[in-house]
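Trainee: Please take me through this model one feature at a time, giving the general idea before the particular case.

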Amino acid sequence: MASNPVPLLARRLAQQRWVMRSAPAVLRVERLIRRASGGRKGVLDLAGLPSVEVTVPGRKTGIPRTTSLLYVPHGADFIVLGSNWGGPKHPAWSANLRAAQTASVRHKGERFLAAVREITGVERKRVWDLAVEFWPGYAMEYELSGGRVFRIFELRRISD
């Protein structure tokens, strides 16, 4: 039985600079797919890539904000990076996550609370290397961003 070629194709496409310019269109399709699937699926899911939906209160408004993100599996935890498609600024969700101690996570249709921890210092280099190995597009996004240091977070499920 042949394996699914879509994730490999997605990884190759994610290393193409022109793909980063397609972000607005991809985000519109993401919202459409999420709405049509009742929030269970998104673009990354259809591409066979690991995704989570993270909901956290806005740091200024307190209004819950939900973002679909690619994650890097790290044992039972989820590593998310604020690459912002290689843009020069940090994504708003990363500032909100930085201000939160917990976040609501939806993974494969299951919702749970997760502790949020920003990864910094010596540990950051190791996790960055792991992330780039998992998703090589992060290296190109780093270049496109002008060398902005992406915020990296660990989301760890809080026991029910």
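Trainee: Which residue in E2 stands opposite Ser51, and how should I read such a pairing?

Mentor: Two strands are taken to pair if DSSP finds at least two bridges between them, and the elements themselves are DSSP runs numbered from the N terminus, namely helices (H or I, at least four residues) and strands (E, at least two). Here Ser51 faces Leu70 in E2, and the antiparallel strands E1 and E2 are joined by seven bridges. Within their hairpin, where six residues separate the strands, Gly62 adopts a positive phi near 80°. Keep in mind that this is a predicted model, in which local features need pLDDT of at least 70 and side-chain atom pairs count only at pLDDT 80 or more, while totals for chains, interfaces and linings use all residues. Residues are numbered from 1 along each chain as its sequence is written, and side-chain values use heavy atoms, with hydrogens and water left out.

Trainee: Which strands does E7 pair with, and how many bridges join them?

Mentor: E7 (residues 152-157) runs antiparallel to E4 (residues 77-81), to which four bridges join it, and Glu154 in E7 is the bridge partner of Ile79. E7 is also antiparallel to E6 (residues 110-118), this time through five bridges, with Leu155 in E7 as the partner of Val116. Taken as a whole, the chain has seven helices and seven strands, and along the sequence these follow the pattern α-α-α-α-β-β-β-β-α-β-β-α-α-β.

Trainee: How should I read a hydrophobic core, and which residues have the most contacts inside the largest one?

Mentor: In soluble globular proteins, nonpolar side chains tend to be buried together. A nonpolar core is a set of buried Ala, Val, Leu, Ile, Met, Phe, Trp, Tyr and Cys residues joined through side-chain atoms within 4.5 Å, where buried means under 20% relative accessible area, exposed over 50% and partly exposed in between (1.4 Å probe, protein chains only). The largest core has 17 residues, and Val52, Val54, Val80, Leu97 and Leu155 have the most contacts inside it. Two or more of its residues come from each of E1 (51-57), E4, H5, E5 (102-107), E6 and E7. Another core, of 14 residues, lies apart from it, with Ala47, Leu49, Ile79 and Ala131 among its members. Across the chain of 160 residues, 42% count as buried.

Trainee: Which residues of H5 are buried, and what covers them?

Mentor: In H5 the buried residues are Trp93, Ser94, Ala95, Asn96 and Leu97, and their cover, judged by contact (heavy atoms within 4.5 Å), includes E1, E2 (64-70), E4, E5, E6 and E7.

Trainee: Which residues are buried in H7, and how are they placed around the axis?

Mentor: An α-helix has 3.6 residues a turn, so residues three or four places apart point the same way. In H7 (residues 137-144), the buried residues are Gly137, Tyr138, Met140 and Glu141. Because they cover an arc of only 160° (taken from the directions from the helix axis to the C-beta atoms), they are on the same side of H7. Just after H7, Gly146 has a positive phi of about 85°.

Trainee: Which residues other than glycine have a positive phi?

Mentor: Most residues other than glycine have a negative phi. Here, Asn84 has a positive value near 50° and Trp85 one of about 60°. Asn84 is in the loop between E4 and H5 (92-99), which is also where Trp85 is placed. Asn84 is partly exposed, with a relative accessible area of 31%, and Trp85, at 28%, also counts as partly exposed.

Trainee: How many aromatic pairs are there, and how should I read their geometry?

Mentor: Rings of Phe, Tyr and Trp (its six-membered ring) pair if their centres lie within 6.5 Å; planes under 30 degrees apart count as stacked, over 60 as edge-to-face and the rest as tilted. The structure holds six such pairs. The pair of Trp93 and Phe153 is tilted, at 6.2 Å centre to centre and 55° between the planes. Since Trp93 lies in helix H5 and Phe153 in strand E7, the pair ties together parts that are 60 residues apart in sequence, and both residues are buried. Trp128 and Phe150 form an edge-to-face pair, at 5.8 Å and 70°. Ring pairs also link Tyr71, Phe78 and Phe112 into a cluster.
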